[in-house]
Amino acid sequence: LPSYFVLSQLFQAQGKVVDAYGTCSSILTQLGETIPDSGDPEVVGAMIPETLRKYDEVYCDDWLGKKMEDYTLRYVIRFYLQMSQAAFFSKAPHIVAYFFCKVAQLSLENGVCQHTPQVFLQLSHIIMRSGNNIACAHRIAKNAMALSERFNVSDQMAQLNLNFTNAVGHLEWFHAGVQRLRVCFDSALSSGNAEIGFFCALQLVIFSILSGEKELTSLLKDIDYYLHLLETYKSEVSKNFLLSSRETVSMLIDKGEATSIEAKEYLGDVTDPGNKFVATFYCQQVLRNFWLGYGERCRHFAKKGFARIPQGRYFFHIIKFYYGLSLLEMLKKKLNSARQKEVEEIIESMKVAVKHADSNIRNKLELLQAELHGL
């Protein structure tokens, strides 16, 4: 089991997510697990509230004191977690949700081990995607981090912090997340977990762009350093995402006239539900076109983003914010009741979001309100 698990990790690090998925699926099937080729989104949708109900019923001191002693079962948990990561890049979202719920229920039924915190961080990520139970997702994520302190998981800390940031990091101050991710990047690379390190770097770059945490030319140098390391480590999974962020920073500095490079982002098939780059692409396009003054293109990509990005993702709120500002620019030139109503609806949705992510949303909400009031 350890050898096949390492093999799946190697496939994942090389960007061979289909091979990583196939390896995990084969081992889990041999261990008696049933791995569906496809799944009914409605059935999977029902698994999420069922899993949350079990979580609320079971998560207590008695369960926390119940250790998962079965060696094979602990590896079942690990293979499910690894397969879920591969599925994220190669399968439809409801398949990923199925695996996260499946492994969460296994943990709730059999007790805790050193991998349980990862399980519930992934569960919080799935809950957050829907945007309907944000407080619950945040609570589960914080419980998972607290649970990790019961185990010697120093080798997992970079991944734990990365998963926490991916799931609910946007609910907390961006600058704190940037500092945490810098530490995790260094920790992951020094411990030999380069793939996790590069995803930390990617999230760090995105948070830096959104928060203005770092001057753009300095940020561009950081991105080029990460891309150089990607080539050194021959890691491909996060490369396209980093190239997209680089292109945004380059365009904002000088429209790419002196800062562009030959390597470019690759969108791929936008109709493929497994194409996880699409959400990043639309968000980056909204940012670039707004700041370059291309209002129509900004709104075009924002509408595409609304159709593709889950409401619980922070990208969704970023796109709404810039879409609202772009509409306000239109309204300054010519008042339009339908457009004004759209802005008012965006402001109402931001009022809900600010209850959960005050430090990152309030300034955006107040700017939209001020611009609307000034018409």
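A salt bridge is a side-chain nitrogen of Lys or Arg within 4 Å of a carboxyl oxygen of Asp or Glu. Asp358 and Arg362 meet that description, with 2.6 Å from N to O. The model is predicted, and a search of the whole structure finds 16 salt bridges and zero disulfides.

**Salt bridges**

- Side chains of opposite charge can pair when their charged atoms come close.
- Asp358 and Arg362 both belong to helix H18, which covers residues 358-373. Because they are four residues apart in that helix, about one helical turn separates them. Asp358 is partly exposed, with a relative accessible area of 37%, and Arg362 is partly exposed at 34%.
- Glu348 and Lys351 form another salt bridge, with 3.1 Å from N to O. This pair lies in helix H17 (residues 337-354), and its members are three residues apart, so they too are separated by about one helical turn. Glu348 is partly exposed at 46% relative accessibility, and Lys351 is partly exposed at 35%.
- Asp222 pairs with Lys214, and the closest N and O atoms of this salt bridge are 2.4 Å apart. Asp222 counts as partly exposed, at 21% relative accessibility. Lys214 also counts as partly exposed, at 27%.
- Salt bridges also link Glu50, Lys54 and Glu109 in a network.

**Cysteines**

- The structure has zero disulfides. A disulfide would need a pair of cysteine sulfur atoms within 2.5 Å.
- For Cys60, the nearest cysteine sulfur belongs to Cys136 and is 16 Å away, so Cys60 is in no disulfide under the 2.5 Å cut-off. Cys60 is partly exposed, with a relative accessible area of 34%.
- For Cys200, the nearest cysteine sulfur is that of Cys184, at 4.9 Å. That distance is also over the 2.5 Å limit, and therefore Cys200 is in no disulfide. Cys200 is buried, at 0% relative accessibility.

**Asn161, a buried polar residue**

- Asn161 sits in helix H9, which spans residues 157-168. Asn161 is buried, with a relative accessible area of 12%.
- Its side chain reaches the backbone oxygen of Met157 at 2.9 Å.
- Apart from neighbours within four places in sequence, Asn161 is in contact with Met145, Arg180 and Cys184.

**A nonpolar surface patch**

- Tyr4, Val6, Leu7 and Leu10 make a nonpolar surface patch of about 350 Å².
- Val6, one of these residues, is placed in helix H1, which runs over residues 2-13. Val6 is partly exposed, with a relative accessible area of 42%.

**Two loop lysines with positive phi**

- Lys234 has a positive phi of about 55 degrees although it is not a glycine. Lys234 lies in the loop between helix H12 (216-233) and helix H13 (239-254). At 63% relative accessibility, Lys234 is exposed.
- Lys255, which is not a glycine either, has a positive phi of about 60 degrees. Lys255 is found in the loop between H13 and helix H14 (277-291). Lys255 is partly exposed, at 48% relative accessibility.

**Leu375, in the segment after H18**

- Leu375 is placed in the segment that comes after H18. Leu375 counts as partly exposed, at 38% relative accessibility.
- Leu375 and Leu335 are 40 residues apart along the chain, and their C-alpha atoms are separated by 8.4 Å.
- Beyond neighbours within four places in sequence, the contacts of Leu375 are Leu328, Leu331, Lys332 and Leu335.

Conventions
Residues numbered from 1 in each chain as written. Predicted model: local features only at pLDDT ≥ 70, side-chain atom pairs only at ≥ 80, totals over all residues. Heavy atoms only, no water. Buried < 20%, exposed > 50% of the residue type's maximum accessible area, 1.4 Å probe, protein only. Polar contact = N/O pair within 3.5 Å; in protein donor to acceptor, adjacent residues only side chain to side chain. Contact = heavy atoms within 4.5 Å. Patch = residues over 30% accessible without salt bridge, like charges linked within 9 Å, V, L, I, M, F, W, Y side chains within 5 Å. Areas by Shrake-Rupley, 256 points an atom, 1.4 Å probe, with all protein chains shown as cover.
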